Amino acid sequence: MGMSGRTAPTFFRAAATSLMFMAGFGLAPVAAQQVQTPPVSIQPPASVRPVPGALELSKLLWSTILAVDHANQSGNYSVLRDMSAQGFQINNNAANLANVFSGIRNAKIDLSNALLVPPTYSEAPRQIQPDVFEVKGQFNLRPTSIYFDMYFQWEQGRWKLFGIDIQPITMVDSMPPTSN
């Protein structure tokens, strides 16, 4: 730095003084040892976890449906798996997910159409564990609506897919029975 004497900042003078003090007693400065600690995933208490509002809930549903649609189009389910919660990843490999969604894929159902309509909930989203909630409903599309039952888990500071059931339903299946 080239600063010494009266123009040196205080912390430089203090450091130089302490080094001279230690040298006077025959002590050598000891370099601080860096302790390597493994990263810890600390989950905040349930009261700190943000409850998803209507818009965030819709975004979670839409992004999940779109991820399944992309996986169906590409045949690559590893991204869907990798963006999900650890429990989902442990219980599902990419080949298993390809099998799970084969019916929708083989029927060539365009799940991206769900982005055009808001979700309709068959029951209110409910918390089933302090860090997991379930949401059920459908995307009302013609001629084939998309039923969903999804679970999301709070992990690493955000909600991640924990479980999913997506089924196509025809307009006849989704219409309430008529009274005569």
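**Reading a predicted fold**

Author: Let's start with Trp159, which counts as buried because its relative accessibility is 7%. Buried means under 20% relative accessible area, exposed means over 50%, and partly exposed lies in between (1.4 Å probe, protein chains only). This is a predicted model: local features need pLDDT of at least 70, side-chain atom pairs count only at pLDDT 80 or more, and totals for chains, interfaces and linings use all residues. Residues are numbered from 1 along each chain as its sequence is written, while side-chain values use heavy atoms, with hydrogens and water left out.

Reader: What share of the 180 residues in the chain is buried?

Author: Buried residues account for 30% of them. The chain exposes about 12,000 Å², and 58% of that comes from carbon and sulfur atoms.

Reader: How many helices and strands does the chain have?

Author: Both are DSSP runs numbered from the N terminus: helices are H or I with at least four residues, strands are E with at least two. Here there are seven helices and four strands. Reading from the N terminus, the order is α-α-α-α-α-α-β-β-β-β-α.

Reader: In which sense do β1 and β2 pair?

Author: Two strands pair if DSSP finds at least two bridges between them. Strand β1 (residues 120–129) and strand β2 (residues 132–139) are antiparallel, with six bridges. They make a hairpin with two residues between them, and Gln129 has Val132 of β2 as its bridge partner.

Reader: How does the span of α2 compare with what its 21 residues should give?

Author: The expected span is 1.5 Å times one less than the number of residues. For α2 that should be 30 Å, and the end C-alpha atoms are 30 Å apart, so the two agree. Just after α2, Gly75 has a positive phi of about 80°.

Reader: Which elements do the buried residues of α2 pack against?

Author: They pack against α3, α6, β1, β2, β3 (144–155) and β4 (158–170). Among the buried residues of α2 are Leu57, Leu61, Ile65, Val68 and Asn72. This packing is judged by contact, meaning heavy atoms within 4.5 Å. Across the chain, of the contacts with a separation of 6 or more, 51% join residues 24 or more positions apart.

Reader: How many aromatic pairs does a search of the whole structure find?

Author: Rings of Phe, Tyr and Trp (its six-membered ring) pair if their centres lie within 6.5 Å; planes under 30 degrees apart are stacked, over 60 edge-to-face, and the rest tilted. The search finds six pairs. One is Tyr77 with Phe101, stacked at 6.2 Å centre to centre with 5° between the planes. Tyr77 sits in the loop between α2 (54–74) and α3 (78–82), and Phe101 in the loop between α5 (94–100) and α6 (102–106), so this pair ties together parts 24 residues apart in sequence. Tyr77 and Phe101 are both buried.

An edge-to-face pair joins Trp154 and Trp159, at 5.2 Å centre to centre and 70° between the planes. Trp154 counts as buried because its relative accessibility is 7%. Together, Phe133, Phe152, Trp154 and Trp159 form one aromatic cluster.

Reader: Which residues is Ala98 in contact with, leaving aside neighbours within four places in sequence?

Author: They are Tyr77 and Arg105. Ala98 lies in helix α5 and counts as buried because its relative accessibility is 19%. From Ala98 to Gly75 is 23 residues in sequence and 7.1 Å in space, C-alpha to C-alpha.

Methods. Accessible areas come from the Shrake-Rupley method with a 1.4 Å probe; for residues, only the protein chains shown count as cover.
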